Amino acid sequence: MSNYRTKITRGALAVLALIILPTLTVTLTANHFKDRAAGKISKFFSYDLKIKTIFYIFPNSILLTGATLTPKAKAERPGTIQIPRILLRFSLKDLLIKRQFSTTTAIIDQGSMPYALLTDFLHKNANAIFSLVQELPKTDTRVLIKETKVHFTPPEAKPYYSTVDFEFALTNNQFLGHGAVYNSLDLLPIRINLKGRLTHQGIRVSQCAFRHFYAQANFWAELRSGELQLNGYAFLNKRQPFESRSVLNKFSQQKIAPTQPPGGSLDIVDLDL
């Protein structure tokens with residue numbers, strides 16, 4: 001009986017050693033080369049990437065902590081995009097068989113950034129971001145944005161922020177996205193649904209829908225060789241919450257009942273932008 005327990009103990013210690021030793025080795029190696037790797041990534045963007053610490057989580061996850069993006073031209077856009085935690089899950093199969101690091105899931109957790117800095121980053125690095133998306137493995141890749149705050153500081157107004165929760169999934173060349181934006185000045189969220197596909201020359205979006213308690217909008221677009229074609233419509237109604245109905249039903253209802261109760265309503269339709 002004692003020999004049996006000894007074998008179990010030795011086996012457990014061996015398994016524990018097989019987990020701890022690779023974890024420590026990969027973690028120490030990754031932290032040794034993290035600045036060099038961040039520098040290589042920064043060459044593709046107009047912002048400098050810094051990473052505080054990297055942890056390897058057995059068997060197929062990498063945790064990045066204290067990530068920041070700072071404009072290289074700091075005089076033009078002061079400030080920093082801060083992301084406390086980024087969790088990357090990768091394919092062990094691709095790593096062991098193909099010798100290729102393929103990210104299957106990226107979780108961006110509790111980021112914080114000024115709105116002006118975010119729009120500046122997206123505007124100046126759109127081509128680099130698009131190239132990065134094209135390089136993602138086309139089989140079940142997910143990107144999750146969790147509790148990320150975008151801060152607004154309008155002139156002569158009280159500062160506020162929006163919290164973004166969004167999930168993006170890419171399968172082959174098809175992508176789907178859904179999530180919500182919560183404004184600190186409004187308890188009612190804006191729901192977002194996204195659908196489209198990647199093409200050789202750009203991106204084709206078949207649905208980009210926004211829905212609020214008193215408003216809704218839907219757009220479809222195509223980005224081809226740097227040229228954007230955008231179509232869609234938007235409705236704003238302060239009288240009552242929107243119900244799910246088509247554009248034709250919306251117009252037919254107005255035609256049948258043209259009188260409007262007090263409170264005002266604005267309907268905006270843009271079909272060729």
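This is a predicted model: local features need pLDDT of at least 70, side-chain atom pairs count only at pLDDT 80 or more; totals for chains, interfaces and linings use all residues.
Reader: How many helices and strands does the protein chain have?

Author: The protein chain has five helices and 14 strands.

Reader: What pLDDT does the protein chain average?

Author: First the term: pLDDT is the predictor's confidence in each residue, from 0 to 100. Here the chain averages 85, and 84% of the residues score at least 70. Over residues 251-264 the pLDDT is below 50. Beyond near neighbours in sequence, that stretch has nine contacts in the model, a contact being heavy atoms within 4.5 Å.

Reader: What share of contacts joins residues at least 24 apart?

Author: Take the contacts between residues at least 6 apart in sequence: 43% of them join residues at least 24 apart.

Reader: Which residues have the most contacts inside the largest nonpolar core?

Author: The general idea: in soluble globular proteins, nonpolar side chains tend to be buried together. A nonpolar core is a set of buried Ala, Val, Leu, Ile, Met, Phe, Trp, Tyr and Cys residues joined through side-chain atoms within 4.5 Å. Buried means under 20% relative accessible area, exposed means over 50%, and partly exposed lies in between (1.4 Å probe, protein chains only). In this chain of 273 residues, 29% are buried. The largest core has 23 residues, and Ile-62, Leu-64 and Ile-81 have the most contacts inside it. At least two residues each come from β1 (47-50), β2 (53-57), β3 (61-71), β4 (81-90), α3 (115-124) and β7. β4 supplies the largest share, five residues. A second, separate core has eleven residues, including Leu-136, Leu-170, Val-205 and Cys-208.

Reader: Which residues does Ile-81 touch?

Author: Leave out residues up to four places away in sequence. Ile-81 then touches Tyr-47, Ala-67, Thr-68, Leu-69, Ser-112, Met-113, Leu-117 and Phe-121.

Reader: Is Thr-141 buried or exposed?

Author: Thr-141 is buried, because its relative accessibility is 2%. It lies in strand β7 (residues 141-152). Setting aside neighbours within four places in sequence, Thr-141 contacts Thr-103, Thr-104, Leu-136, Phe-168, Ala-169 and Leu-170.

Reader: How much space lies in the second largest pocket?

Author: Rolling a probe the size of a water molecule over the atoms shows where empty space is left. The search runs on a 1 Å grid over the protein atoms alone: a cavity is a set of points where a 1.4 Å probe fits but cannot get out, and a pocket is an open set with protein on both sides within 12 Å along at least five of seven lines. Lining residues have an atom within 4 Å of a point. Grid points are joined across faces, edges and corners, and a volume is the space filled by probe spheres set on the points. The second largest pocket holds about 340 Å³. It is lined by 16 residues, and Asp-186, Ile-190, Phe-210, His-212 and Ala-215 are the closest to its centre. Two or more lining residues come from each of β9 (174-183), β10 (186-198), β11 (202-211) and β12 (215-224). β10 gives the most, four residues.

Reader: How do the lining residues of that pocket divide into nonpolar, polar and charged?

Author: Ala, Val, Leu, Ile, Met, Phe, Trp, Tyr, Cys and Pro count as nonpolar; Asp, Glu, Lys and Arg as charged; the others, Gly among them, as polar. This lining has nine nonpolar, four polar and three charged residues.

Reader: Where does Asp-186 lie?

Author: Asp-186 lies in strand β10. It is partly exposed, with a relative accessible area of 29%. Asp-186 and Ser-162 are 24 residues apart in sequence, and their C-alpha atoms are 9.4 Å apart.

Reader: Which residues does a cis peptide bond join?

Author: Phe-58 and Pro-59, with omega about 5°. Pro-59 sits in the loop between β2 and β3.

Reader: What is phi of Arg-99?

Author: Phi of Arg-99 is near 55°, a positive value in a residue other than glycine. Arg-99 lies in the loop between α2 (92-98) and β5 (103-109). It is exposed, at 71% relative accessible area. Asn-172 has phi near 55°. Its place is the loop between β8 (160-171) and β9. At 47% relative accessible area, Asn-172 is partly exposed.

Technical notes
Residues are numbered from 1 along each chain as its sequence is written. Side-chain values use heavy atoms; hydrogens and water are left out.
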